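I opened the notebook to look at how the parts of this chain sit against each other.

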Amino acid sequence: MSAPLKVRINGQPIESPCPDERILLDLLREDLNLTGTKRGCDLGTCGCCTVWIDGRPTLSCLTLARSAEGREVTTIEGISPGTGMNDVQRAFVEKGATQCGFCTPGFVMTATALLRDRPHPSREEIVRAISGNLCRCTGYTKIIEAVESAASGGTS
Amino acid sequence: MSAAEPPREYRLLGGRIPYVEGPLKVTGRAEYTDDIKRPGMLVGGLLRSPWPHARLRAVDVTKARAMPGVYAVLTGDRYPTPFGVLPITHDETAIAVGKARYIGDIVAAVAASDERTAEAALAAIRVEVDPLPEYADPQMGLGPVAEPIHARGLAGSNIQKEVVQHFGDVDAAFALARHAIRVRGNFAGVTHGFTEPMATIAEATPDGRLTVWSATQVPHYLHRALSEVLGIPMHRIRVIKPEVGGGFGGKSDPLPHEIVCAALALETGRPVKIRFDREDVFLTNHGRHPTQNEVRIAADAEGKILAYDIQAVIDGGAWSSFGTVTTYYNGVLAMGPYRVPNFRYRGRRVYTNKPPSGAMRAHGGTNIRYSVEVALDELAEAVGVDPFDLRARNALPPHSTTVNEFRITSTSFRACLAASRSKSGWDGKFRKLPYGEGIGLGAGFYISGSNSPIHFTPKMPQCTVHLKVDMDGGIAVHCMQADIGQGSNTLLAAIVAEVVGADLERVHVIRVDSDVSPVDLGSYSSRVTFMMGNAARRAAEDLKGQLLRAASELTGHPVDQLVVGHERIEVRHRPDRSVSFLEALHKAMEKVGALTATGAYSSPPMGGTFKGARAGTAPAYSFAAYVAQVRVDAETGVFQVDHVWAAFDCGRVLNRLAVEGQIEGSVHMGLGQLMGESMNYRTTRLMNPSLLEYKILAPQQMPKVDCLLVGEDDPEGPFGAKEAGEGPLVATLPAVANALYDAVGVRFYDLPITPDKVVKGIEERRRSGRAWKGE
Ligand code: FES
Ligand code: FES
């Protein structure tokens with residue numbers, strides 16, 4: 001048995017008796033009840049499981065929990081305070097960028113990271129950034145609109 | 001996005017109403033089935049058949065049962081009662097009985113303390129089989145076969161359903177015709193591709209009740225199937241629908257794993273969860289049927305349609321599912337948007353040893369619409385008339401009856417044609433764009449709710465809505481309609497708020513729970529806006545009446561002098577004299593306590609009396625005329641759809657955000673089927689059961705979509721509205737195919753249209769010596 005896994009999740013230090021083969025997505029959803037991160041494929045194809053590791057969008061279904069040792073994991077539960085929403089989330093609601101919503105936490109994580117790094121992305125940059133996330137409901141149209149709107153301060 | 005939005009007559013309806021559960025979804029707080037945990041919950045596992053067709057000689061579970069951590073092992077003999085979504089074709093069982101019918105069929109199930117133990121237990125089950133002949137090609141099942149997949153196959157064949165219809169005199173029409181077009185199409189199967197894999201939790205408790213949480217779009221049919229198969233009266237079963245991550249038809253059948261999960265809960269007395277992985281989802285399928293069809297169209301010299309003659313052979317896979325409906329729809333959904341005076345159809349749906357096909361968005365209408373619209377494009381060329389003019393010439397008039405006795409009420413098809421023609425700049429582009437670029441037209445027609453409910457015993461409305469308002473002033477809305485992302489909760493809340501003048505945040509749509517939600521038949525056949533909308537409006541009118549009577553007492557003005565204002569009830573022309581919503585409510589409550597109100601919807605009688613006359617009858621129909629513009633790289637065959645002008649008639653638009661969302665999503669899904677989605681089989685083995693190999697369109701591939709919403713009010717729709725959930729898909733595919741023809745002069749009859757087919761088509765055309773647009 002290896003030593004407990006030490007990792008920060010949404011700003012809180014966590015110690016977990018995490019087996020070596022534990023996948024980060026399972027650690028989050030099954031062990032820590034952070035169910036906002038979704039499981040769509042377990043294969044790195046849908047992006048529903050996107051979280052940040054040290055701020056970088058990462059597919060938690062392809063990540064061993066142990067590889068986050070000593071690092072900062074941020075999930076959808078950790079990007080907006082309390083009952084509030086961040087700009088991206090507000091824009092997603094307002095623009096109708098979430099239909100069934102299953103893909104949405106993944107898109108929000110991807111888009112929030114994009115706007116943090118590039119506050120005024122071009123449409124192409126938005127499309128490129130979200131191309132690892134799959135949405136079957138919206139045709140991406142309103143998702144792209146929402147990201148553009150969030151980037152321009154929610155006025156467009 | 002549409003630019004100019006017409007003025008509105010309503011406070012909320014007709015605007016862009018953000019989805020009421022949006023804030024929960026964007027923060028990860030919306031609860032889907034797999035997010036739920038129950039104390040002491042076990043993991044359910046399924047053993048799937050690796051054989052396409054095999055008689056089960058023995059399923060030995062002794063070893064599995066004895067393993068520590070294993071709480072139950074089930075085989076087919078425990079709950080052998082057959083079920084199925086249609087009462088007339090109950091041919092499924094929760095777990096295979098007697099034989100396995102496809103690779104993926106469930107042959108045993110376990111409940112264990114954790115996933116690993118469940119897997120080990122499944123691996124310890126020994127199954128002995130006699131392999132049976134494997135049927136992959138539906139054509140091979142049309143006559144008698146050595147081992148029919150189901151005993152109920154027609155005359156020893158694998159035919160599940162045959163439909164033969166003839167209205168008018170098709171042969172006479174062809175004899176008179178100046179033009180006869182024939183196209184043959186071959187369509188690969190496609191699947192829904194919703195992002196949330198199915199999941200179910202079941203819990204049986206010592207009070208004799210069973211609670212089932214499931215990712216379903218039709219909670220009521222699941223409720224019925226659980227009761228039938230498990231032998232428990234419906235009132236002792238409680239079905240809860242958490243948030244559902246997309247359905248598109250794939251979560252509309254009661255599915256075997258849902259029943260297995262409940263059975264395992266009954267066996268163990270513990271909560272059990274079955275969670276699908278993506279391969280399970282693909283093997284469960286119920287997607288669009290692989291189909292071969294032939295469409296013959298007879299027309300006069302001006303291109304007026306004289307007759308359709310249609311045949312279809314439909315690959316059903318291992319079970320019936322919705323197949324009887326599918327078989328009808330592949331013919332009768334060709335009845336619009338044109339007048340077809342003579343019509344003949346023969347459709348056969350054939351069992352094969354593949355994952356079952358079922359209902360998928362624009363069920364039964366997509367493939368036939370494709371073939372018809374491609375054929376009409378050919379007809380326009382043969383007649384020498386613009387494709388728009390040809391279609392306008394044949395448009396069904398409003399308030400008419402089709403030859404098979406469909407009742408057509410509102411249609412704004414002509415307005416759709418006018419809108420997409422002008423907005424797309426058609427007249428300056430058609431046959432005028434440079435080689436490799438093209439523009440095409442495709443039209444749509446779809447049911448706005450099926451007139452006949454799948455279950456009609458007992459006789460009851462198709463939807464009922466209950467409202468409850470207590471002294472806190474919150475309006476609780478109960479209804480079993482299933483929001484699966486299309487925004488029906490939002491519409492339900494908005495209709496109630498609109499009618500009683502309340503703020504939207506005052507209205508709470510209560511999660512679907514059969515203990516409190518009155519029956520609605522669920523999210524299929526694009527029925528929800530029309531049927532639930534009408535029921536909701538009636539319930540809200542009931543509540544409004546109670547509030548008005550109370551306000552009358554308070555103000556001393558008779559009810560007919562009162563009007564509902566925003567959060568208040570006003571005396572007409574006397575804005576100074578008004579009472580607030582809460583004042584009226586509290587007055588109304590004095591004698592009865594919390595108010596309750598109810599509303600229901602039943603569609604009116606319609607349709608002919610011949611066999612199958614009800615199939616395709618609907619209280620209204622949606623119409624569409626889409627133009628697509630494409631660019632083709634003639635060297636590689638790769639093409640991009642740049643722009644779709646989607647003119648759509650959904651009657652009055654109630655939530656512009658949702659209608660646009662449905663159209664954009666439909667265009668995406670339709671393009672997926674056209675450009676590459678395909679369930680690929682090696683004989684009966686599905687070769688691409690993952691989202692890595694089954695490709696859904698990426699954002700880069702999406703065209704710009706202009707939603708042109710031109711519908712007029714429908715006379716019976718709620719506030720004049722009709723469906724917008726499925727109809728928006730069908731016109732997409734032929735519009736693009738016809739645009740490809742305009743671009744490179746090649747017709748494509750088979751789907752998907754992959755780049756290699758484009759290259760081959762161009763080569764063949766060149767070889768035949770036919771040049772195109774000065775290439
Ligand atoms: S669940 Fe991780 S990419 Fe799909
Ligand atoms: S909103 Fe349903 S998959 Fe994106």
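**Entry 1: domains.** I am working with a predicted model. I looked up the domain assignment of chain A first. It gives domain 1 as 5-78 and domain 2 as 87-151. I then took the centres of the two domains of chain A over C-alpha atoms, and they lie 21 Å apart. To the contact, domain 1 of chain A brings 16 residues and domain 2 of chain A brings 14 residues.

**Entry 2: the interface.** I checked the area next. Between them, domain 1 and domain 2 of chain A bury about 1,200 Å². Carbon and sulfur atoms carry 66% of that area. I searched for salt bridges across this interface and got 0. On the domain 1 side, strand β3 (residues 50-53) of chain A gives the most, with 3 residues. I sorted the residues of that side of domain 1 of chain A: 6 are nonpolar, 8 polar and 2 charged.

**Entry 3: T110(A).** I found T110(A) in helix α3 (residues 104-117) of chain A. Is T110(A) buried or exposed? Its relative accessibility is 8%, so T110(A) counts as buried, the cut-off being under 20%. I followed the side chain of T110(A) to the backbone oxygen of G106(A), at 3.0 Å. Leaving out residues up to four places away in sequence, I listed what T110(A) touches: T50(A), A129(A), I130(A) and N133(A).

Definitions and conventions. Residues are numbered from 1 along each chain as its sequence is written. Chains are lettered from A and ligands numbered from 1 in the order in which they are written. This is a predicted model: local features need pLDDT of at least 70, side-chain atom pairs count only at pLDDT 80 or more; totals for chains, interfaces and linings use all residues. Side-chain values use heavy atoms; hydrogens and water are left out. Domain bounds come from an automatic or database domain assignment. Contact means heavy atoms within 4.5 Å. Buried area is the accessible area (1.4 Å probe) that two parts lose on being put together, summed over both. A salt bridge is a side-chain nitrogen of Lys or Arg within 4 Å of a carboxyl oxygen of Asp or Glu. Helices (H or I, at least four residues) and strands (E, at least two) are DSSP runs, numbered from the N terminus. Ala, Val, Leu, Ile, Met, Phe, Trp, Tyr, Cys and Pro count as nonpolar, Asp, Glu, Lys and Arg as charged, and the others, Gly among them, as polar. Buried means under 20% relative accessible area, exposed over 50%, partly exposed in between (1.4 Å probe, protein chains only). A polar contact is a pair of N or O atoms within 3.5 Å; within protein, one must be able to donate a hydrogen and the other to accept it, and residues adjacent in sequence count only if both atoms are side-chain atoms.
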